[in-house]
Amino acid sequence: MGEIGVVSDTHGLVRPELLAALDGVVHVLHAGDVGSAEVLAALGQIAPVTAVRGNNDRGPWAATLPAAITVTLAGVRIHLLHDRKELTAVPDVAVVVAGHSHRPGVAEHDGVLFLNPGSAGPRRFRLPVTMARLALTDGVPAVRIVSLIT
């Protein structure tokens with residue numbers, strides 16, 4: 001399986017840099033604060049999209065998004081939610097993806113990879129504008145944070 005694009009906190013903005021950074025991915029995970037159905041449609045032109053609802057996602061289009069979801073891609077279980085603070089217990093997964101803070105980060109705890117792709121939307125304060133590419137090779141996740149603008 002090819003790489004998975006991981007994005008969060010687009011807040012209605014689909015940057016050309018994001019679309020370029022997603023080139024070649026086989027799936028897109030969006031960790032909430034999507035901003036509009038148009039964002040999901042634009043990402044869906046690249047690859048299948050799995051998305052969750054963020055705290056700023058409101059309206060009929062957002063009501064169809066789950067608050068959290070677990071998916072299996074290339075045999076790897078991935079749990080997707082918007083705010084890691086809402087994770088009361090770590091499910092039986094290899095990867096937990098959460099956004100919300102707009103701060104990119106990768107950490108491993110007890111054999112689980114925790115990934116925050118950062119924010120691909122409007123810049124907040126002096127935080128970077130980023131997304132991530134997740135490779136799942138032989139069931140082993142490896143991640144690379146990608147800066148979208150400097």
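Predicted model: local features only at pLDDT ≥ 70, side-chain atom pairs only at ≥ 80, totals over all residues.
Colleague: Which residue lies over the face of Phe114?
Modeller: A charge counts as over a ring if NZ of Lys or CZ of Arg is within 6 Å of the ring centre and within 35 degrees of the ring normal. Here it is Arg84, at 4.0 Å from the ring centre of Phe114.

Colleague: What volume has the largest pocket?
Modeller: A pocket is an open set of points on a 1 Å grid over the protein atoms alone, where a 1.4 Å probe fits, with protein on both sides within 12 Å along at least five of seven lines; lining residues have an atom within 4 Å of a point. Volume is the space filled by probe spheres on points joined across faces, edges and corners. This one has about 170 Å³. Its lining has 14 residues; Arg84, Ala98, Gly99, Ser101 and Asn116 are the closest to the centre. Strands E7 (105-109) and E8 (112-116) each give two or more residues to that lining.

Colleague: In what order do the strands of the sheet with E7 and E8 run?
Modeller: Strands are DSSP runs of E, at least two residues, numbered from the N terminus; two strands pair if DSSP finds at least two bridges between them. The order is E4-E5-E6-E8-E7, an open sheet of five strands with mixed pairing. E4 (68-73) and E7 are the edge strands, each pairing on one side only. E4 and E5 (residues 76-81) run antiparallel, joined by six bridges. There, Val71 has Ile78 as its bridge partner.

Colleague: And which strands stand at the edges of the sheet with E3 and E10?
Modeller: That open sheet runs E3-E2-E1-E9-E10, five strands with mixed pairing. E3 (49-51) and E10 are its edges; each has a single partner strand, so one side of each lacks a neighbour in the sheet. Further in, three bridges join E1 (residues 4-7) to E9, antiparallel, and Ile4 stands opposite Leu134.

Colleague: How many bridges join E9 to E10?
Modeller: Nine, between antiparallel strands E9 (residues 129-137) and E10 (residues 140-149). Val129 partners Ile149.

Definitions and conventions
Residues numbered from 1 in each chain as written. Heavy atoms only, no water. Helix = DSSP H or I, 4+ residues; strand = E, 2+ residues; numbered from the N terminus.
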